Amino acid sequence: MLLLVIEDDPGIAATIRSALEQAGFLVERESNGENGWFRGDTETFDAIILDLGLPNLDGLTILKRWRKAGHTMPVMVLTARGNWDERVEGIDAGADDYMAKPFRVEELVARTRALLRRAAGHPSPVIEIGEISLDTRQMRVAKTGIPVALSPQEFRLVSYLMHQQGRFVGQPELTAHLYSQDFELDSNAIEVLVRRVRQKLGTEAIATRRGFGYSMGGPAE
Amino acid sequence: MRAPSLRLRLLLVSAASIAVALLIAGIAISSMFSNHIERSRTVGLESQLARLVALIDPDLASPHLTQSMSDPRYETPAGGIYWQISDPTDGTVTRSRSLWDTVLKFEMPLPEDGTVRVAKIAGPDSEEALALGRRLSFERDGAAADRVLEVFVAEDTDGIRAADAAFQAELLLALAIVALVLIGATWVQVTLGLSPLDTIKRGVAAIRTGRAKALDGNYPAEVTPLVSEVNDLLATQDRSIEFARTRAADLAHGLKTSLTLLNGEAHELRRSGNATAAAAIENLTAGMSEVIDHQLRLSRLRHRSRSDLRSTLVAGAAGKVIAALKMTPEGRTLDWRVDIPEAAAIALDMMDLTELLGVFLENATKWARHRVDVSARSANGKVELTVTDDGPGLDSAALAKLGQRGRRIDETRPGSGLGLAIGREIVTLNGGSLSFGRSPAGGLQVDVVLNAGSAG
């Protein structure tokens, strides 16, 4: 799952980034409003964590622009102000959740997970597809109730595919959501990763459709 | 001590000036009239004197008139008009019957050259008489020397004084009317002159009650500098307030950034197994953050309650707050029952009503088990807002303490009770009432009564 954190304070950005990475997310960060807006407008993120008080372009304006342009990715708004009118204004502008600073890091992670689940249409923190279950809170994957040990990269793949509700996802999209931009990637990295996951969860766990990509829960070819 | 009224001072000065001017005018006109009457009487007497001279027969030993003067008053004793012919050589005096036995006397001798002398003398039967005298030489038949005679005519001034008095009475009445008209005109002038001050007063009142931001409109050139000064002062004040608020917001932002970083440290502590220290840090940062928020929010409320008094629809504000609360983990699972007429409006700034609903609904969300009810009823120019939850509720002792600043009823849930204190502050600042009680479901019931707005 690829997240974008737009936060100007380097300390807070580092705190959020490390907590979200520990929770199994891939995190990109922008420190000013203009760049943050541009990346949200041109790239695909599973969720965006947006600070309202940003240099160059304020968070509310960025959010309104994205929504006006038709981008529907879940956005969590962060603000230093605790007053209600700003909170309501943020929601009005199209925010999916709102957290006032100072927040507890665990709560931010929990609410980001909830945001992603809701966006994917999963109201429960546990997503199940066939024999495979994904507990988003515990970051655990199990097959027929027995926990399966996955590497962070393998977990990201399973988590991303299970959030897609059976949709087939192509290699470029998977690359974008599983690896950071500056990661030197082998051309067959995704294939290798899928093979490793299939070894652990069973070949039928991930379906392949030529020309479309991979899916969990989608009809096999 | 209060300075005397400007209007009164202007009116008094004008009235005094008008009085002095009219007094001088009155004296001048009256004196001119007296002089005019006297001159016209003098002219009349001159012709009487000429007539008298023409009728003198100087040849008789006792000067004699060849025929009587036509004015019958000469023949009436104390008739008011007199003639007299005296011979300074032998002292013989011939006079009109009206003089009876008195003699007209001039204090100064008559001029030798025969010109007419005019004088005020004591009248035969009055205090004063206007008299004309002339010394004349008559050639006499067969006499060596001319005969010198002094010829006088006189008229009592009673008539002149009576005419004078009548004129003065009429003049006084006319001047009094002129004075009244002038004072009235001054009053109108002062009122018109001071009217920009009334306009300024209304303008300042509009600024105070939030209906205007500055003094607008066209003012006379004399008042424009004052209006500009007032507007500049207001702008300076606004800038100072904005500056202070920005500094306060910056301070809050800086503090909260550090508090967020502290929470990050707490997170790391918890990960390394020191959950107690982590929780202690998080409690402290939460408490500090609430104190910062409370002060910031209060300063904004005080500022707004003095200025823009607006009207806000309750249903719209409540809908937005509930939408925000439904995004929180607690709010998402609750059953929200909203019963607010669409037209219900409260005389409150949009931000304040949002804040008010926010703090009470957030509190209800925190405690409710399954359900939160929000309702509004309009009656008699008031709107009653009710928020209830089905949470554990409070006993009467705790209810009494609720909403007081820094009072916290339950230490096990986040928050320090400052939110409810802000709610109470908003209600108090806007002249409303607030009460807490037990809801039918056993939870907390909050009742707020505020003035209805006009938007509905």
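An axis here is a line fitted to C-alpha atoms, for a helix over the stretch in contact, and the angle between two axes is taken between N-to-C directions, from 0 to 180 degrees. I need that for my opening entry. Also, a reminder to myself: this is a predicted model.

**Entry: two helices in chain A**

I looked up how α1 (residues 10-22) and α5 (residues 105-119) of chain A sit against each other. Their axes are 10 Å apart, and the packing angle is about 55 degrees. Angles from 65 to 115 degrees would count as roughly perpendicular and those under 35 as roughly parallel; α1(A) and α5(A) are therefore oblique to each other. The crossing of α1(A) past α5(A) is right-handed.

Who does the touching? On the α1(A) side I noted Thr15(A), Ile16(A), Ala19(A) and Leu20(A), and on the α5(A) side Val105(A), Leu108(A), Val109(A) and Thr112(A). Sorted by class, the residues in this contact of α1(A) with α5(A) come out as six nonpolar, two polar and no charged.

Pro102(A) belongs to the loop that runs between β5 (97-100) and α5 of chain A.

**Entry: α1(A) again, now with chain B**

The axes of α1(A) and α3(B) come within 9 Å and cross at roughly 30 degrees. That is under 35 degrees, so I wrote down α1(A) as roughly parallel to α3(B). This crossing is left-handed.

The α1(A) residues in this contact are Gly11(A), Ile12(A), Thr15(A) and Ala19(A); they meet Thr257(B), Thr260(B), Leu261(B), Gly264(B) and His267(B) of α3(B). Thr15(A) and Ala19(A) are on my list for α5(A) and on my list for α3(B).

**Entry: where the chains meet**

Next I checked the whole contact between the chains. Chain B puts in 26 residues and chain A puts in 25 residues. On the chain B side, α3 (224-271), α4 (275-306), α5 (314-325) and α7 (350-367) each supply at least two residues. Which of them gives the most? I found that α3(B) does, with eleven residues. The chain B side has ten nonpolar, ten polar and six charged residues.

**Entry: the nonpolar cores**

I remembered from class that nonpolar side chains tend to be buried together in soluble globular proteins. So what does the largest nonpolar core look like? I read off 106 residues, and those with the most contacts inside are Leu3(A), Leu50(A), Val314(B), Val321(B) and Leu361(B). I picked Leu50(A) to follow up. Setting aside neighbours within four places in sequence, Leu50(A) is in contact with Ile6(A), Gly59(A), Ile62(A), Leu63(A), Val75(A), Met76(A), Val77(A) and Leu78(A). Another core, of 19 residues, lies apart from the largest one, and Tyr74(B), Ile81(B), Trp83(B) and Phe152(B) are among its members.

**Entry: a helix pair inside chain B**

I then turned to α1 (residues 6-55) and α2 (residues 158-208) of chain B. Their axes come within 8 Å and cross at roughly 155 degrees. Over 145 degrees counts as roughly antiparallel, and α1(B) and α2(B) are therefore roughly antiparallel to each other. The crossing is right-handed. Their contact has 22 nonpolar, six polar and four charged residues.

**Entry: positive phi without glycine**

Ala78(B) has a positive phi of about 55 degrees and is not a glycine. Ala78(B) is in the loop between β2 (64-65) and β3 (81-86) of chain B. Asn380(B), also not a glycine, has a positive phi of about 50 degrees, and its place is the loop between β11 (371-379) and β12 (382-389) of chain B.

Are they buried or exposed? Ala78(B) has 16 other C-beta atoms within 10 Å, so it counts as partly exposed. Asn380(B) has 5 other C-beta atoms within 10 Å, so it is exposed.

**Entry: tallies for each chain**

- I counted eight helices and eleven strands for chain A, and 47% of its 221 residues are buried.
- For chain B I have nine helices and 14 strands, with 29% of its 456 residues buried.

Note on methods
Residues are numbered from 1 along each chain as its sequence is written. Chains are lettered from A and ligands numbered from 1 in the order in which they are written. This is a predicted model: local features need pLDDT of at least 70, side-chain atom pairs count only at pLDDT 80 or more; totals for chains, interfaces and linings use all residues. A nonpolar core is a set of buried Ala, Val, Leu, Ile, Met, Phe, Trp, Tyr and Cys residues joined through C-beta atoms within 7 Å. A residue is buried if 20 or more other C-beta atoms lie within 10 Å of its own, exposed if 12 or fewer, and partly exposed in between; C-beta atoms are placed from the backbone. Two residues are in contact if their C-beta atoms, placed from the backbone, lie within 7 Å. Helices (H or I, at least four residues) and strands (E, at least two) are DSSP runs, numbered from the N terminus. Ala, Val, Leu, Ile, Met, Phe, Trp, Tyr, Cys and Pro count as nonpolar, Asp, Glu, Lys and Arg as charged, and the others, Gly among them, as polar. A crossing is left-handed if the near helix is turned anticlockwise from the far one by less than a right angle, and right-handed if clockwise.
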